[in-house]
Protein chains: 2
Amino acid sequence: MKLYGFFRSSAAFRVRIALNLKGLAYDLVSLHLRSGQQSKPEFLALNPLGLVPALADGDAVLTQSLAIIEYLDETHPQPPLVPKSPLARARVRALAQAVACDIHPIDNLRVLNYLARELKQDEEAVKRWFNHWISVGFKGIEAALAASTETGKFCHGDSPTLADICLVPQVFNSMRYALDLGPYPTIQRIHKACMALPAFDQAQPSKQPDAEP
Amino acid sequence: MKLYGFFRSSAAFRVRIALNLKGLAYDLVSLHLRSGQQSKPEFLALNPLGLVPALADGDAVLTQSLAIIEYLDETHPQPPLVPKSPLARARVRALAQAVACDIHPIDNLRVLNYLARELKQDEEAVKRWFNHWISVGFKGIEAALAASTETGKFCHGDSPTLADICLVPQVFNSMRYALDLGPYPTIQRIHKACMALPAFDQAQPSKQPDAEP
């Protein structure tokens, strides 16, 4: 398999964690997002959406991190990243989507660029924007995790799932502008449990071959 | 089942289409988003994330439109909204997420409110923002649909899937500031095919009991 990614992309980070948890080896094709390599014709021919990550598995090219991870889970079932029962699956997916739909897209690089370039917002305003959407999202996720008996060592029970795979890269993002994580003790606890696992630890941005200081 | 929604919420619109396609009856609890009913303690007790839609099925409360729709598909398999093969499932989910992760969250009401209230952007700037993200997303989705032999009468083959369920409400959103859909002929064609189906037609905002002029 071939992963089109970038060390700092948190959606690519999710897929790296999933590949590691499944024990699947892959070749990395690094696309430098800040210099716009994801918008070059060669990559658009593979992924017309012009976003990383994309995963090539044989002749097929898959896009969108959550779709890729569910594909990996369906084609390589062990260890499972989504539980078996429909209600549990819905809970794990909802927690994952609370990050992937409700926080991350609003704080994505292209949105921050639009704020700075088109709306002439200064660094302080971009920082407030960035941390605002994480705070709103983490407040809800913390409450949802703290309120449920389904929450275990990880977001759902005692083994990592798609929910943790989305949460951890978002916690990494929260460090960009040093968001205070004090109000989110359950998120912090789960983040720590995840990072104790080599699959999460080895997937972090600073440990990738294309990492920059 | 009980759907917590709002006629104008496009994420609730998705769930209404899915319920209609499955032939499932539901009671509507309307939460007026502009007056902030989704942030009241009664609703936060059900959904700590404070977002619609939420679906109550017996004692369980499910959140996040895509997670809800996959739950409905797993518990009421006919007609299927996600295909059988892992590759096809990944394609349908990726198209759905190209709307649900890459367009809709950035144009959500709370984001538009932040632009207007915190960043003091005028109506014209909000309109440009709104249409910019739909254009970027639709450009990629149009290219992905036009390039694939899997695209049929609908986004994937000749029956509606999760991908169409996400696409149609986004096309409705594009009408808010009269985005020119000329560059997206495949999206227009599929939208028309969907709206010819009662399940889509009856789910549209203007036909809901809580619709406002």
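Modeller: H4(B) and H7(B) cross in the left-handed sense, meaning that the near helix is turned anticlockwise from the far one by less than a right angle. Helices here are DSSP runs (H or I, at least four residues) and strands likewise (E, at least two), numbered from the N terminus. This is a predicted model: local features need pLDDT of at least 70, side-chain atom pairs count only at pLDDT 80 or more, and totals for chains, interfaces and linings use all residues. Residues are numbered from 1 along each chain as its sequence is written, while chains are lettered from A and ligands numbered from 1 in the order in which they are written.

Colleague: At what angle do the axes of H4(B) and H7(B) cross?

Modeller: They cross at roughly 20 degrees and come within 7 Å; axes are lines fitted to C-alpha atoms over the stretch in contact, with angles from 0 to 180 degrees between N-to-C directions. The two helices are therefore roughly parallel to each other (angles under 35 degrees).

Colleague: Which residues of H4(B) and H7(B) meet?

Modeller: Among them are B:Val92 and B:Leu95 in H4(B), and B:Cys166 and B:Leu167 in H7(B). Contact requires C-beta atoms, placed from the backbone, within 7 Å.

Colleague: Turning to the sheet, what is the strand order in chain B?

Modeller: The open sheet of 4 strands runs S2-S1-S3-S4, with mixed pairing; strands pair if DSSP finds at least two bridges between them. S3 and S4(B) pair in the antiparallel sense over 4 bridges, and B:Ala56 stands opposite B:Val61.

Colleague: How many residues does each chain give to the contact?

Modeller: Chain B and chain A each give 36 residues. On the side of chain B, the largest share, 9 residues, comes from H4(B).

Definitions and conventions. Contact = placed C-beta atoms within 7 Å. Parallel < 35°, antiparallel > 145°, perpendicular 65-115°, else oblique.
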